Amino acid sequence: MAFWIELVIAGLVSGLVIGLSALSITLVFGIARFPNAATGDTMTLGAYGALIGHRITGSLIAGGILGAAAGALVGVLGYLLIFRQLARRSNVALLVASIGLGFMLRAAMGVAFGHSQSVFQLPLVRPWRLGEVPIQPNDLWLALAAGSALMVVFGVLYLTPIGRRMRAVADDAALARVSGISPDRVMIALWVLAGAVAAVAGMIAGIKTVVSPEMGWDLLLPAFSAAIFGGIGSPVGAVVAGLILGVAQEVATPFVGFTYKIALAFVVMLFVLLVRPRGLFGKLEGAR
Amino acid sequence: MEAYLVAILIITAIYVLLSLGLTLQYGLTGLINFGHVGFFCIGAYAAAILSAYAGLPVIVGFLAAIVLAGLAAFPIGLIALRLRDDYFAIVTLGFSETVRIIVTSEKQLTNGVQGIPGIPRLVDGVGILSALAVLAVLLAANGAAIYAFRRIVASPFGRMIEAIRDNEEAVKALGKDPARFKIQVLVLGAALAGLSGAFYAHYIGYVSPDQFNPLVTFYVWMAIIMGGVGRISGAIVGTALLMLFLEGSRFLRDVMPFISAVDMASIRIGAVGLALVLFTLYRPQGLMGDFTRRR
Amino acid sequence: MTIDRRTMLQAAGSALALTLTPATGKAQGAPFRIGALNPVTGAGSPYGSGMQKMILAAVDEVNAAGGAGGQKLEAFPDDTQTTPQAAVLAAKKLIEVNKVKAILGTWSSGVSLAVVPLTNDANVLLMNTSGAPALSVPPANAKGLSYRFQATNDRFGRAFAEIAVKEGYQRAATMAFNNASGIGNTTGFKKAWEAKGKKVVEEVVYEPNQSSYRAELQKVLAAKPDVIVMGSFLPDTTIILREWFQTGAKTKWIIPGWAANPQLIAALGLEATEGLISVDSVSNENAPSFKRYDALHQKVTGQPGASNVYAAMTYDMVITLALAMEAAKSADVAAINAKIREVGNPAGEEVFSFADGKAALAAGKKINYQGASSVLDFDQFGDVTPDFGVFFITKGKLERRYVVKI
Amino acid sequence: MKLVIENLTCAFGGFRAVDEVSFEAESGGLVGVIGPNGAGKSTLFSLITGFLAGQGGTVRLDGHDISALPPHERARAGMVRTFQVPKEFAHLTVRENLMAAAPNQSGENLVDLFLRPAAIRREESAIAARVDDTIAFLKLGAVADVPSGKLSGGQKKLLELGRVLMTRPKLILLDEPFAGVNPVLIEEISGHIRALNADGIGFIIIEHDLGALSRLAGALHVMDRGRLIASGAPGEVLKRANVREAYLGGAA
């Protein structure tokens, strides 16, 4: 029993990373209407930003803020320099451009930081034990960090005027434009939020694992799966789906084998698209 | 020097087959296939297993590569064609990653991560003549593919797939099922990728799963986006540019030794990214011409 | 960087001349060309540039000693990108454009397996540092032109088993990175371990690039092993050990030296790495040749020589090749190939540098080059069997307790 | 051919865009559907032709329930629609647009394409002859080889009608064929419709231009907020108070 509880806890922590990155994807997908393949590399950037901030200040919180700022900056720059110019083009054009942007980010980080791994220098601690089940303090901190990032995002989305406008654009872009919502301001707010969320996801992934220029790309497929699973454009859905996917990956692997763990995200995605194309909470349909 | 040039031409010709498949799928029909390398991989492994392990004649491996890659596209098509464009892209990307995981995991068949060495050469012998013979076979295959491609483009079928790219709803309203056409296009493009994979396996002589990562797909995308989407000449010119770019960086380092090779790898992928962005922004029709005019 | 236009143009001009001028026949004094084909980028990048730099440095050393067999050496560096396709084209370029007679320093097995047909066809020597057993035998080594300066993964596994027995472990489990090298290590271990009548209680093969390995780890720990034998690399080992430490389990670990290295200690800290066993083919550390190599490595990379075992191997490749040329007194590949075992294997005066070997050969003696990477005795397949150093990590230092021979 | 729809309903969230609409139409007939903006007319077309799945009701063609068929099969049965905003194949020329619309082409089969080239050439020239007739009929000769994306709005409407005709339909559903078309062209299109109607092809036409439509249609159906509020002969229907109120609003 303790074995399974431990797996579930591990899955929840992985799920937070997937959920946060899926949240970034779903925000962009819902409002700017294209799958942003640069999300993975924005995560990497966030991880490096946090790493540098942590090394300079010695504080993970300061590091996280720097990382989030770096992610937000790249999000906004990407919008201003690339995605805004392509607003009237097909979503394929946007998708291809986002892949290009991702590659450029990865290249820049490769040149700047090298290809060998970096790690967050954090003290390792032995776990607390709750009965049979070991609880790792670091997991709690990561969950707390993820939780506060989520609170900020949902606070912005549901409690502020700009958030209300963002949701209006997500519901109906044309209608929102007619009712006098400035698309530029909404879009900049969107990219700040999406970039920062991806960066925080990258930081958590970096703390859990190691930081290297390729790390974000490897996490992209599960993130897309979770965004689709949760329902494109649904922030709650993305997070819930991320958690489910994380737990499913950990719990299922003793059965399906470890090498197929990564394929699981893809299988879940296919299944969802076939059975319920709008995902758990979504409005947009993936099927035609 | 000649033999090196021939080697580059051989690799280019292998990639042109891939580009032609994607041109058919994306350029003409509008299918965003991000899993091209998956079909390439299936073709390469089919040829490798049948010739190196089963010891069957090379031609059997080639046929199997074409057929199996085509067949693999069929279920993916059935499932994915119900999806919107961008979802289709993600699903196909996931497909190619799954193919890679399967060839990694099914050790009895594929020898897993150790890969399959000792795949026989297409033409026995040493030196430039045998390389030229391989190139000749490849050029013949390319010629046949281009001939078939042009026949298709000029046919009612070609007219219909371009109509589908322009407006799928209108096609349905006229009583034709777009899915039927798209699935055929997907299978055709996949079969071409399979053929390309067979050539690749017999030329490199060794296949392992890590050769078939998604970067290959994006290289092909870069080629057709640079060359000109939807045009045969675009596929060829774009692929040639891609090779010039990938191989040129080798010589660039001979000429500019102060760029470290490690940075070179980053610069290479950064340049791929920059090319994708710039072409999307400023020249969506590619080098070879106008998206609106076919042929 | 302060490169003015003039020097750059000069550099460009001479490099172009080097690249584009075909070899000018066999005129006396024309250099003997070798290719330094290393994994400068891609998965092998932590080692590749060091390997390449040591080839270039060793070439300078040979040339400073007056060249080999009456010829100077000239090296052409290139990058495999750790992928077979790029490596094949690079090898083609080296063989066809640069007219090299030997290719040195291919690293990953995939790359070596893809390059070896080309070197065989062109009758060019290939010296690699790959682990895959397939490289030893035909078709890969059909012409006997390929030499391996690294222990096979299988031999690593056998060394692991020796160590596990010596340390008195009973319940061993394995975890392997899903690639040829990782699985080679653990299957080699399993074979040798079971041959000693013991059982492997759990085996896990994992995929790289995951955000967590906890499920894998839990499965292994559930079997209650007393030691876990790894076939792994640095990033995944970092993550796995961190998660292991945080579970609070108290298992012992045997890890290959390229994963359990100072970088791992830096990443995880003293407490988590205390007591890990790191195993590496012993660079021939007490030999004078290692000291030469170490000094040279320190000079060209700024790192201690022990930080990159593959760089020691590529250094040895050049010295071995040069000594064989000297013994053959010829630039003919077949003649050189015939002399490689003669200058490397026992029954001969032990020599530790090219200059000494050259002098001994000139004095008409037989020689046995003792390399920096190992004693370098090639078996019938062109493989070496180095000794393995067993390092225990204590207080953040890799401390060598003993050496096992297999 | 006879089309019968019963109780067709389609809701988006709580909003009922089409609410229990029933009527009939048949070959040789000409039915008009009118109503203010947002009354649900185009949605109704999409329900009939299968482009939208509704929440209830049936569509019957000659007594067969076709409610579950996908759009292309309904079109193949002889019931073909146009769109409010023309959906031309923008990169193809007018001629190619029309060629593409011809039904049952064996050149669309890859196997035949390579094995029976002569048969396909014959077929193509037969289709080309029909296309020439259609171009002449619609007076599109001047733009026959222009990419259709470059046509004017009115020309696109004509092209869509032409494409529909190429499929040899029995029942044509036209969605605002006169919108954005100049009065001269409207008369021309009306003329075509009358001619085709006289040949036995049925029409259902959505239109704002009441003048043109009431001169064409044998029967009018009036929709308002998803419901059918009146049906009957044009002159009579347009006099009803609720129609005037819904359609003309306060202006009446």
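This is a predicted model: local features need pLDDT of at least 70, side-chain atom pairs count only at pLDDT 80 or more; totals for chains, interfaces and linings use all residues.
The contact between the chains comes first. On chain B, 42 residues are in contact with 42 residues of chain A. Together the two chains bury about 3800 Å², and 74% of this area lies on carbon and sulfur atoms. Three residues stand out on the chain B side: B:Arg82, B:Tyr87 and B:Ile90 supply 17% of the area that chain B buries against chain A, more than any other three residues. As for charged pairing, the count between chain B and chain A is 0 salt bridges. Polar contact across this interface is found for 1 residue pair, with both residues at pLDDT 80 or more.

Turning to the elements involved, helix H4 (85-105), helix H10 (214-227) and helix H12 (261-282) of chain B each provide at least two residues of the side that touches chain A. The largest share of that side, 13 residues, belongs to H4(B). Sorted by class, the side of chain B that touches chain A holds 26 nonpolar, 7 polar and 9 charged residues.

Within chain B, the domain assignment gives domain 1 (2-211) and domain 2 (213-295). The centres of these two domains of chain B, taken over C-alpha atoms, are 20 Å apart. Their contact draws 33 residues from domain 1 of chain B and 25 residues from domain 2 of chain B. Between them, domain 1 and domain 2 of chain B bury about 2500 Å², with 76% of that area on carbon and sulfur atoms. In domain 1 of chain B, the residues that lose the most area to domain 2 are B:Tyr4, B:Tyr15 and B:Phe34, which together account for 20% of what that side buries.

On the side of domain 1 of chain B that touches domain 2, the elements giving two or more residues are helix H1 (2-28), helix H2 (36-53), H4, helix H6 (128-153) and helix H7 (156-166) of chain B. H1(B) contributes the largest share of this side, 14 residues. By class, the residues on this side of domain 1 of chain B divide into 19 nonpolar, 8 polar and 6 charged.

Conventions
Residues are numbered from 1 along each chain as its sequence is written. Chains are lettered from A and ligands numbered from 1 in the order in which they are written. Side-chain values use heavy atoms; hydrogens and water are left out. Contact means heavy atoms within 4.5 Å. Buried area is the accessible area (1.4 Å probe) that two parts lose on being put together, summed over both. A salt bridge is a side-chain nitrogen of Lys or Arg within 4 Å of a carboxyl oxygen of Asp or Glu. A polar contact is a pair of N or O atoms within 3.5 Å; within protein, one must be able to donate a hydrogen and the other to accept it, and residues adjacent in sequence count only if both atoms are side-chain atoms. Helices (H or I, at least four residues) and strands (E, at least two) are DSSP runs, numbered from the N terminus. Ala, Val, Leu, Ile, Met, Phe, Trp, Tyr, Cys and Pro count as nonpolar, Asp, Glu, Lys and Arg as charged, and the others, Gly among them, as polar. Domain bounds come from an automatic or database domain assignment.
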